[in-house]
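Okay, everyone, thanks for coming.

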Amino acid sequence: MPQLNPEFFASQLFWLAITFIFLFIFLWRVSLPRINSVQTKRENKIKEDIKKAKQLQAEAEDIQEQINKQLNQAKSDSAELIKSAFIKLQDESSKKLEELDKNLSTKIDATYEEIEKNKSESMSQIYEQINDITKLMISKISNIQVNDEEIKMAVEKIRQKVIN
């Protein structure tokens, strides 16, 4: 093998040095700057993306906070609406109950007056019948003639005794 022959070592070392220097200069001047620029672009892109993500996260938190505020406001508004509707219904029901109570009271008073009127009419009819029956009984039992005033006074005395 000619590579292992010591007389070719010098020429092989020469070409090795030239190839190494060429590759070193090519990598140093061409490839590494491109790799470095790509790496820098990637780092900048990642930093920008992280910065945008943080901004979007902050905006999302602000939006979430606004949503929570609006939701709490809506809850308090609806609770206030329900409360006012409940109070309004209570007021209306109490007014209607008062009206109903007044109507019933009026009807009860009217019925009471009618009962008293009927009672007094019935009592006067009963007294008249008692007077007629007493007059008829006295005339049938005895021959004594009693006038209506005397019978009325006697019945009234007895009625006073019964009432007291």
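Let's start with a term: a crossing is right-handed if the near helix is turned clockwise from the far one by less than a right angle, and left-handed if anticlockwise. Helices here are DSSP runs (H or I, at least four residues), numbered from the N terminus. Quick housekeeping: this is a predicted model, where local features need pLDDT of at least 70 and side-chain atom pairs count only at pLDDT 80 or more, while totals for chains, interfaces and linings use all residues. Residues are numbered from 1 along each chain as its sequence is written, and side-chain values use heavy atoms, with hydrogens and water left out.

Now, how does α1 pass α2? In a right-handed crossing. Helix α1 covers residues 9–141, and α2 covers residues 148–163; they pack at an angle of about 120 degrees, axes 10 Å apart.

Next, salt bridges, meaning a side-chain nitrogen of Lys or Arg within 4 Å of a carboxyl oxygen of Asp or Glu. The count is two. One joins K45 and D49, with the closest N and O atoms 3.7 Å apart. Those two sit four residues apart in helix α1, so about one helical turn separates them. The other is E65 with K69, also 3.7 Å, N to O, and again they're four residues apart in α1, about one turn.

E65 is partly exposed at 45%, whereas K69 is exposed at 53%.

How values were computed. Axes fitted to C-alpha atoms, helices over the stretch in contact; angles between N-to-C directions. Buried < 20%, exposed > 50% of the residue type's maximum accessible area, 1.4 Å probe, protein only.
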